[in-house]
Amino acid sequence: MRILSGIQPSGKLHIGNYFGMMQTMISRMESSELYVFIVDLHALTSVREREKLATGTLEAAADFLALGLDPDKCIFWVQSDVPEVCELTWVLSTLTPMGLMERCHSYKDKVAKGIIASHGLFSYPILMAADILLYQSEQVPVGKDQKQHLEVARDIAQKFNNEYGETFVIPEPAISEKTATIPGLDGQKMSKSYDNTIPIFLEGKQLKKRVMAIETDATPVEDPKDPDTCNLYNILRHFATPERMAEIRDLYVNGGAAYGYLKLELLDLINDKFSAARERKKELLNDPEMIRQILRKGAEKAREKAVVTMDLVRDRVGLKY
Ligand code: ADP
Ligand code: TRP
């Protein structure tokens, strides 16, 4: 199975990114042909500071490596190091119906949140389709927010295949029910753009401040509470064991759940889960040249695949004369 997914280097990666995508990718290293990349071209739609994008890209790479991604067991690279993706984007954009793009809600959502309404932001899903189709990906693990983008990629692939003959594999989304949407501090989807995240690599007092800021209601400790609508509970369940979660659920349903204590328990669990990775990340960032080398090697391998698809595409559409 060929599996591919990418992440934008547009801010500090958070536990929503981890459970929604990174963990799935890292766990598939042994069993699949794995493609993991940092989508810096996509990030250009929202990051306009040179330094922020460049260091964000290195940091996102360090995050993956620190969390256990082994570059010898996958292809790991930076999107812009394989320029074929831009050429494919153009070809695909010439057969993407405007109506399909106009139906995409992420453009409208992002503009509503204050991101500048550029053409790049509007055509973001076509670049994402090119990412997926260039490597003939079979499965794409993402969070639920990316479902519509996957549908766009499938529609474009089908249209291309119908018009020019079988060329692209039709990709399937892989969205796990359990981790489809991790809630943020305020109960909305955890997202860099809502400033409601718990960053994976935050430490000490800053981390504690974020965890203690998880919004809860004012129900007294001894009163029964609904666990399923509580964002603290819905974050905790990704960290605590099933046995402990059964106990916590009991406290919610029958009274006795003290939010303050549960937040401190969550803080400990987050620290346990990520403390080794935090140390590894610091070591990795001490040697950025090594990270660059890993990414360059990955880009060479990715490009070998990309040129094969691009050659076929050029031939199919008549760009080979
Ligand atoms: P953000 O919304 O914070 O900008 P990205 O769009 O960079 O996050 O998402 C990167 C990956 O992480 C995508 O696969 C996305 O679906 C997943 N993801 C992001 N936020 C969440 C979340 N709260 N729950 C589950 N998955 C998420
Ligand atoms: N759009 C995705 C996000 O915002 C990132 C992304 C770009 C991606 N290209 C991709 C994800 C290809 C999966 C496959 O999170």
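**View 1. Helix α1 in the shell around ligand 1.** In this predicted model, helix α1 (residues 15–27) supplies the largest share of that shell, four residues. Helices are DSSP runs of H or I, at least four residues, numbered from the N terminus. In total, 18 residues surround ligand 1. A residue counts if one of its heavy atoms lies within 4 Å of the molecule. The closest are His14, Gly143, Asp145, Ile182 and Lys192.

**View 2. Polar contacts of ligand 1.** Such a contact is a pair of N or O atoms within 3.5 Å. An oxygen atom of the ligand sits 2.8 Å from a polar backbone atom of Lys192. Lys189 brings a polar side-chain atom to 2.9 Å from a ligand oxygen. At Gly16, a backbone N or O atom is 3.3 Å from a ligand nitrogen. Taken alone, ligand 1 exposes 540 Å², and the protein buries 93% of that. These areas come from the Shrake-Rupley method with a 1.4 Å probe.

**View 3. The largest nonpolar core.** A nonpolar core joins buried Ala, Val, Leu, Ile, Met, Phe, Trp, Tyr and Cys residues through side-chain atoms within 4.5 Å. Buried means under 20% relative accessible area (1.4 Å probe, protein chains only). This core has 57 residues, and Phe76 and Ile198 touch the most other members. Helix α13 (residues 259–285) gives the most, eight residues.

**Notes.** Residues are numbered from 1 along each chain as its sequence is written, chains are lettered from A and ligands numbered from 1 in written order. Local features need pLDDT of at least 70, side-chain atom pairs count only at pLDDT 80 or more, totals for chains, interfaces and linings use all residues, and side-chain values use heavy atoms, leaving out hydrogens and water.

Definitions and conventions
Buried means under 20% relative accessible area, exposed over 50%, partly exposed in between (1.4 Å probe, protein chains only). Helices (H or I, at least four residues) and strands (E, at least two) are DSSP runs, numbered from the N terminus. A polar contact is a pair of N or O atoms within 3.5 Å; within protein, one must be able to donate a hydrogen and the other to accept it, and residues adjacent in sequence count only if both atoms are side-chain atoms.
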